[in-house]
Amino acid sequence: MKFLRNVLATIVGLGIFVGIFFVFMMIMVSAVTSSSEEKQVLVGKHVLHLKLDRPIQDQAEENPFGELDIPGLSDNFPLGLNHILTSIESAKDDDKIQAIYLSFGNFSGGAATLTEIRNALEQFRDSGKKVFVYAEVMSQKAYYLASVADHISLHPEGGMELKGLATQIMFYKDFLNKLGVTPQVIRHGKFKSAVEPFMLDKMSEANLKQTSKLLDTVWGSFAKAIAKSRSISTDELNKLVEDFVIQSPKNALDSKLVDALQYKDEFEKNLEDELSDDDVAFVKLDKYYRTLNTNRHKDKVAVIYAEGQIISGKSNRNSMGDKTIVKAIRKAKENDHVKAVVLRVNSPGGSALASDVMWRELKLLKEEKPLVISMGDLAASGGYYISCLGDKVFAQANTITGSIGVFGLMFEIEELLKDKLELHIDEYKTHKFADLGTMTRPLSVEEKDIIQNSVKRVYGTFTKNVADGRKLGIDSVDAIGQGRVWAGTDALAIGLVDEIGGLDKALAEAAHLASLDNYSVKEYPQQEDEFMDILNSFSGAMMSENSIQSNQWVQKWMNSINTTLSNEDKIQARMPFELEIY
């Protein structure tokens, strides 16, 4: 009895604690949000501290705890590319900002994202102001950004990575065979290699061809930019990389890739000397962005962020749902102040059906307002499906796009059930195809034909929409389709995009098409459920680094299997693989 009373008391106590915690959090959110509504004013001369220490995504997540230093809350939100670019652009003409100080932590971002930030920093320098970098350790991606700076300082005992690009694909065929699981694959397009990990134990010749071309193109754009900024030839740079010369900070200094080896206090003293200021004041990105007036014009250009894999339903942190994006498109279309729309696409594709739902809504919008596409790191397969309608399509040189192709994938587990688990299935059906799609037996020849026809039909719709949107012949689209992925520069040459450029150029083009001289940017989708996002973020920060989520290979495998098995839309328009720069 005493034990039960103790248990009950513990439960009640926990309930009271959780209740108090929720009330406290709601009060904090309300208080911080209210105070943040009042625009802050920057007083005196400052250096904008651009600290890249978190993952970067296209649209920032609103963080009402940004001004507070609460572990797990203030620092557990991704950085928004939109906030970074807007802050750098504003700092360029802001008399209160003397320079930018760029530093790095554990950040991640795709090749096109890094290029957009790098280009913005280059424009900042062109305005006559300087960019300074200090780092204890620089990854290859960090150095790509750092190389644009006027001065790069590296810790004397730190490190710098410069080794070229690589990507790896995990193949599950033999593993699934041991389990008694048989993939049943239907695809259209010889390059549509998203299903290869379930069929093969290495890349097909077609996939190796497109992968090597893609990585060579992306590296070429990286090397060209770095070499130009550091006043060396690309041949010299590639020689340094091939021979793995940069093994220490001194190697980097001797190779003229950095300007000084300094401790942080020495760097700060050097910065004071450069700026002729004995007391340099720094302002963080989040705080500086809150001082900006980004809504001063009545006329708007809407930016709709279409980011993540494509699914049916509502968007979440990792995926964009057709219902969420359609709602955003309609709001932009119905807003009389919105004169033009930029669709910012950063997606490997996903559900073919959801892609078509969004495509249709974009088509209706385009009948009323100019539509410009801005491709980020990825606008592939379903991501290209929703991009092909644009009045003008922009991509970065290292954007991954194309992948015009379709596939279907199901798993058959008859051997697993019968031979491995000794489970037996019996059934009755009223019609021949009543159990079409069941996992408990292989597909028949007729069933494979049925699914193949569905895949071909979707591919036909896909290529027709691309042909109409890009004003190309269907045969031409098929020739550059077949599931093949292209880098932005190659996509430009074959007519899939119109111009190399980032979000800034897309916004300028949208304003031009709408005959706007002055405008503000209106962003969609509007963020909701801010409080629950805060709590989810907080709980996520408390998870152990040793959990399964920290195992990159296991996580990728689980994500791949989960996407295939859980998606209601079995016909997928999805990029063939994930490209990771490391």
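**Helix H8**

I looked up the face of H8 turned away from its buried side, and I found the exposed residues Asp235, Lys239 and Glu242 there. I use exposed for over 50% relative accessible area, buried for under 20% and partly exposed for in between, with a 1.4 Å probe and protein chains only. Helices (H or I, at least four residues) and strands (E, at least two) are DSSP runs, numbered from the N terminus.

This is a predicted model, where local features need pLDDT of at least 70, side-chain atom pairs count only at pLDDT 80 or more, and totals for chains, interfaces and linings use all residues. Residues are numbered from 1 along each chain as its sequence is written, and side-chain values use heavy atoms, with hydrogens and water left out.

Next I took the buried side of H8. H8 spans residues 234-242, and Leu237, Leu240 and Val241 are buried in it. They lie on the same side of H8 because they cover an arc of only 100° around the axis. The arc is that of the directions from the helix axis to the C-beta atoms. Which helix do the buried residues of H8 pack against? They pack against H7 (205-229). Contact here means heavy atoms within 4.5 Å. Just after H8, I noted phenylalanine 244 with a positive phi of about 50°.

**Cores**

I then searched for nonpolar cores. Such a core is a set of buried Ala, Val, Leu, Ile, Met, Phe, Trp, Tyr and Cys residues joined through side-chain atoms within 4.5 Å. The largest has 59 residues, and Leu52, Phe104, Met138 and Met160 have the most contacts inside it. H7 gives the largest share of this core, eight residues. Another core lies apart from it, with 50 residues, including Met320 and Ile451.

I also listed the contacts of methionine 138, leaving aside neighbours within four places in sequence. Among them are Phe104, Tyr143, Met160 and Val258.

**Strand E18**

Is E18 (residues 406-412) mostly covered or mostly open? I found seven of its seven residues buried. On one side these are Val406, Gly408, Met410 and Glu412, and on the other Phe407, Leu409 and Phe411. Strand E7 (residues 182-188) runs antiparallel to E18, and seven bridges join them. Two strands pair if DSSP finds at least two bridges between them.

**Glutamate 361**

Glutamate 361 sits in helix H13 (residues 352-366). I checked its relative accessible area: at 6%, glutamate 361 is buried. Not counting residues up to four places away in sequence, glutamate 361 touches Val326, Ile329, Arg330 and Lys333.

**Aromatic pairs**

How many aromatic pairs does the whole structure hold? The search finds eight. Rings of Phe, Tyr and Trp (its six-membered ring) pair if their centres lie within 6.5 Å; planes under 30 degrees apart count as stacked, over 60 as edge-to-face and the rest as tilted.

Tyrosine 172 and phenylalanine 198 form a tilted pair, 5.3 Å centre to centre with 50° between the planes. Both are buried. Tyrosine 385 and phenylalanine 462 are also tilted, at 4.8 Å and 45°. Tyrosine 385 lies in H14 (residues 382-385) and phenylalanine 462 in H16 (residues 445-470), so the pair ties together parts 77 residues apart in sequence.

**Confidence**

Last, I read the pLDDT, the predictor's confidence in each residue, from 0 to 100. The chain averages 85, and 80% of the residues score at least 70. Confidence is lowest in helix H21 (residues 552-566), at a mean of 44, and highest in strand E16 (residues 392-395), at 98.
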